[in-house]
Amino acid sequence: MSQRFDAVVVGAGQAGPSLAARLGESGRKVAVIERKFVGGTCVNTGCIPTKAMVASAYVAHMSRRASDYGVDSGGDTKVDIDRVWKRTRGISERSRNNVEKWLAGMPNVSLIRGHATFESPNTLRVGDMQIEAGEIFLNVGGRATTPDFPGIDTVPYLTNVGMMDLRDMPRHLVIVGGSYIGLEFGQMFRRFGAQVSIVERSERLLPREDPEVSAAVVDILQGEGIAFHLGAECIELNGTAGDVGVLARCAQPRMEVRGTHVLIAAGRRPNTDTLGLEKAGVATDKHGYIVVDDQCRTNVEGIWAMGDCNGKGAFTHTSYNDYEIVAANLLDSEPRRISDRIEAYALFIDPPLARVGLTEQGALQKGYNVRVGVRPMARVGRAIERGETHGFMKVIVDGDTGKLLGAAILGINGDEAIHSLLDVMYAKAPYSTVTHAVHIHPTIAELLPTTLQDLKVAVTS
Ligand SMILES: Cc1cc2nc3c(=O)[nH]c(=O)nc-3n(C[C@H](O)[C@H](O)[C@H](O)COP(=O)(O)OP(=O)(O)OC[C@H]3O[C@@H](n4cnc5c(N)ncnc54)[C@H](O)[C@@H]3O)c2cc1C
Ligand SMILES: NC(=O)c1ccc[n+]([C@@H]2O[C@H](COP(=O)([O-])OP(=O)(O)OC[C@H]3O[C@@H](n4cnc5c(N)ncnc54)[C@H](O)[C@@H]3O)[C@@H](O)[C@H]2O)c1
């Protein structure tokens, strides 16, 4: 069977459905092809379920701390992991159903279920259906990398997907990879009551961040009883279900951790290897990411790539922004570009680490005349009142232009407060815009102007 559409969107992740809606509204006949769950990674196995679990873990943590606040919680806090999963699944499934209903109601848009592969630059195959289109938009996302560690073929292991199907509480969860996925799952399972060990290849946790950020994150998590094994090179897995070992042969000294479950959280790879890109002539880089220009266009006319698969971002907000860029250029004659995006992300441990723009080290390496302001959360009224004073806020300013270069807030509500800096950066306004703004008392953001009023010259480390 053969069908012709004006436009085809492959993958119903964070960019695809929104773009399909706009394309349909423009009068195009549109197909969205999805091989698994509508909503993609974020909705089904990523942001949404993990943040729902982070919320359960936070409640468990605060329940154990209830007496600090003069509240009697009535004894031991116990986590019913089955109810945590049910709540998590419910939130995730509702979100997926909403996207499904939205897609079903879009004028001129049809959802086709199945795995799409290219047959030519304007032809895709899904099962026995051949689909032709003048415009093809790839939003195929990515999946967990599983490095070829010796033993990985014989030892049962989990990825972020397997974590969503786990129904028993691991007694001891060993996590390979100490970044977003490793740290978020690590802290939540520790708070659920598991023993947690994190095995990380770098000598310093979160090496892209400034050293004091890495050190503070380790302190917070160690304080909750998580064990770290850094500098863990040459990993090997051994054992069987319920008794698994992670051995770092080249670590100094050589190190082995035994646990009941292993989670591999060592990065992600794009879903481009089974897309038949070679039949369309679409270029990829050496890691398999689709090469795109500043407006998400591939090297083949009429084919675009958005979201995690183009390697220009690895977050839900960057994938959604790719949709906005494509729609703006194609449908609104508005020349939006990827390079206008300011890097911003959060690591959703508790307290969260929120980041925008450059780190201090990054700004120094780029040769800026760097000024830095730092304020510990222990000197932020709202954090003191909330009894959650871990972390600090740090702002980085260009001493020559007065522009904000970046910021890190490791602290309660930092993931929200940081947007007051991000918006000023987008406005290309000087940092004095923030120092002159009157922020609401008592909030975390209230202390950002104060932090910016006390800038020091940065010294290269
Ligand atoms: C555990 C975890 C937690 C995360 N937490 C956050 C967070 O808190 N904040 C944040 O910003 N980001 C987070 N992320 C990252 C975020 O989930 C991704 O950046 C985002 O989902 C990428 O969206 P996307 O649209 O590019 O791709 P995806 O959401 O991966 O969607 C791609 C879709 O394409 C489909 N597909 C692939 N190949 C084909 C094919 N050949 N034919 C048909 N369909 C195909 C897939 O089935 C999938 O549905 C997290 C990720 C993980 C794994
Ligand atoms: N809060 C969020 O926004 C959020 C949350 C979860 C995931 N994500 C997205 O998912 C992506 C994947 O997250 P991730 O944490 O799996 O990957 P990552 O790429 O961020 O980090 C992988 C970690 O594993 C380590 N590692 C890699 N190979 C190793 C090895 N052989 N031995 C030991 N350690 C090794 C790396 O040094 C690194 O610290 C991220 O890029 C992020 O964009 C985002």
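Ala354 stands opposite Ile409 in strand S21 of this predicted model. Local features are given at pLDDT of at least 70 and side-chain atom pairs at pLDDT 80 or more, while totals for chains, interfaces and linings use all residues. Residues are numbered from 1 along each chain as its sequence is written, and ligands are numbered from 1 in the order in which they are written.

**Strand S21**
- S21 covers residues 404–410; strands are DSSP runs of E with at least two residues, helices are runs of H or I with at least four, and both are numbered from the N terminus.
- Of the 7 residues in S21, 7 are buried, that is, 20 or more other C-beta atoms, placed from the backbone, lie within 10 Å of the residue's own.
- S18 (residues 353–357) runs antiparallel to S21, with 5 bridges between them; pairing requires at least two DSSP bridges.
- S20 (residues 392–398) is also antiparallel to S21, joined by 6 bridges, and Ile396 has Gly406 of S21 as its bridge partner.
- The S20–S21 hairpin has 5 residues between its strands, and Gly402 in the turn has a positive phi of about 75 degrees.

**Shell around ligand 2**
- The shell has 25 residues, the closest being Gly177, Ser179, Tyr180, Arg201 and Ala314; a residue counts if its C-beta atom, placed from the backbone, lies within 6 Å of the ligand.
- Helix H6 (180–192) and strand S17 (344–347) each contribute at least two residues, and H6 has the largest share, with 4 residues.
- Domain 2 (160–266) and domain 3 (344–456) each provide at least three residues; the bounds come from an automatic or database domain assignment.
- By class, 15 residues are nonpolar, 6 polar and 4 charged, where nonpolar means Ala, Val, Leu, Ile, Met, Phe, Trp, Tyr, Cys and Pro, charged means Asp, Glu, Lys and Arg, and polar means the others, Gly among them.

Notes:
A residue is buried if 20 or more other C-beta atoms lie within 10 Å of its own, exposed if 12 or fewer, and partly exposed in between; C-beta atoms are placed from the backbone.
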